[in-house]
Amino acid sequence: MPSKKESNYGIDYLLELNRRHAREFMDLAVERRRYRGEHPTEIAALKCMDGRLNLPVITQTTVGIIQPFRNLGGKFELGWPFFQSILDQWVQYATSRGRHSLVFVTYHYSRGDSHRGCRGFNYDTEAACNTAIKLKQQFDHVYGRGAVIPIVCGIETDLDALILHGEDHNRSVDLAKVNETTQIELDELLRSLYPSVPEIIIRDLMPLVRGNIRHIADIRASNRAIEDAEHKEWVLGVGRGFDWLHAINTAFIVGPFDPNLSLAIETAANLLQGNIDEGRVNPKRGIVLMTSAAYRDAAGPEHHLAKEKATFLSAFALDIIKSRVPNLVPHLQILTGMTDLNTRKFEVLDRQDKVIMGTDESVKAA
Ligand SMILES: [Zn+2]
């Protein structure tokens with residue numbers, strides 16, 4: 001018998017989730033402009049593809065303020081050709097508008113059980129943290145301590161708490177242990193963690209820190225079940241423009257940044273297969289391979305290029321899964337499209353539903 005829970009699955013659920021998010025994103029356009037006027041620093045977050053790491057929710061910040069870059073384990077290298085070019089574009093954009101850039105270099109873990117930590121790092125939090133520190137040092141080296149400020153930040157997923165690492169790495173502060181703090185105390189805390197960071201960036205970091213402290217209090221008050229923090233992902237997202245897809249335990253996202261893209265896709269596909277094998281997700285409800293390319297300019301070649309990219313990436317990912325994780329293929333549904341970064345609306349290019357109800361009948365729709 002279908003339960004209410006089952007409606008939280010499948011392509012239709014994803015498309016409805018996108019519609020809702022796009023509506024909210026557009027409704028908040030005025031609020032974003034107001035916020036930007038008050039807090040002009042451009043903020044990016046480099047993070048693991050894990051669906052729990054929803055920074056706008058965790059920091060109670062309007063969607064669209066924090067620019068996410070997601071990849072397996074939150075692993076990035078400034079030497080990766082595509083990643084450095086897209087990141088540098090983002091920095092140039094900020095610079096052209098006279099804004100500073102703040103980059104959260106993140107890793108994640110769980111305080112209650114290491115096996116709720118990052119599978120991308122085999123649950124080794126120290127390794128994940130050290131990788132983040134190394135990446136931060138790359139930023140320091142490339143951009144100097146000026147217009148681009150990288151901050152190492154742990155995300156502890158039991159309480160959704162941020163762990164702020166000071167700029168010298170000798171000290172970190174768990175925001176779950178900071179409560180009922182006055183504005184002056186919080187100012188002092190951030191100043192002591194980041195003595196060389198410009199005042200304006202501290203001022204623009206402050207609302208995220210306060211938001212996280214409020215959010216942690218909400219999580220504690222709601223007594224959120226730990227089960228919600230276990231892996232139950234059923235979507236493999238490939239590409240960019242997925243910041244609308246942050247429903248908890250829904251998707252593994254593989255950005256197109258890693259030169260070893262095929263390995264990242266294989267790893268994510270194996271994680272999905274693991275979720276099926278260990279009984280955390282029911283494959284009969286549909287496992288979705290979803291590809292998205294992002295664009296801003298709907299009129300020119302950018303739109304067509306995004307279409308070509310999405311179509312290519314989808315076929316590329318499917319080929320990898322067929323050859324390296326073949327057991328997953330019979331469970332797959334395919335959704336290919338493009339996300340308009342101005343509206344966050346997802347435009348469907350191709351959709352292949354597979355209805356598994358004791359038969360292997362395939363249904364293909366436009
Ligand atoms: Zn992870």
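1. Asp113 is partly exposed, because 13 other C-beta atoms lie within 10 Å of its own (20 or more would count as buried and 12 or fewer as exposed, with C-beta atoms placed from the backbone). Asp113 sits in the loop between β3 (101–109) and α5 (125–143), where helices (H or I, at least four residues) and strands (E, at least two) are DSSP runs numbered from the N terminus.

2. This is a predicted model, in which local features need pLDDT of at least 70 and side-chain atom pairs count only at pLDDT 80 or more, while totals for chains, interfaces and linings use all residues. Residues are numbered from 1 along each chain as its sequence is written.

3. The domain assignment, which is automatic or taken from a database, gives domain 1 (39–227) and domain 2 (231–365). The C-alpha centres of domain 1 and domain 2 are 26 Å apart, and their contact takes 15 residues from domain 1 and 21 residues from domain 2, a contact being two residues whose C-beta atoms, placed from the backbone, lie within 7 Å.

4. On the side of domain 1 that touches domain 2, β2 (66–71) and α4 (81–96) each supply at least two residues, and the largest share, 4 residues, comes from β2.

5. Within domain 1 (39–227), the contact between α6 and α7 is made by Leu186, Leu190 and Arg191 of α6 together with Ile202, Leu205, Met206 and Val209 of α7.

6. How far apart along the chain are Asp113 and Asp50? They are 63 residues apart along the chain, and their C-alpha atoms are separated by 16 Å.
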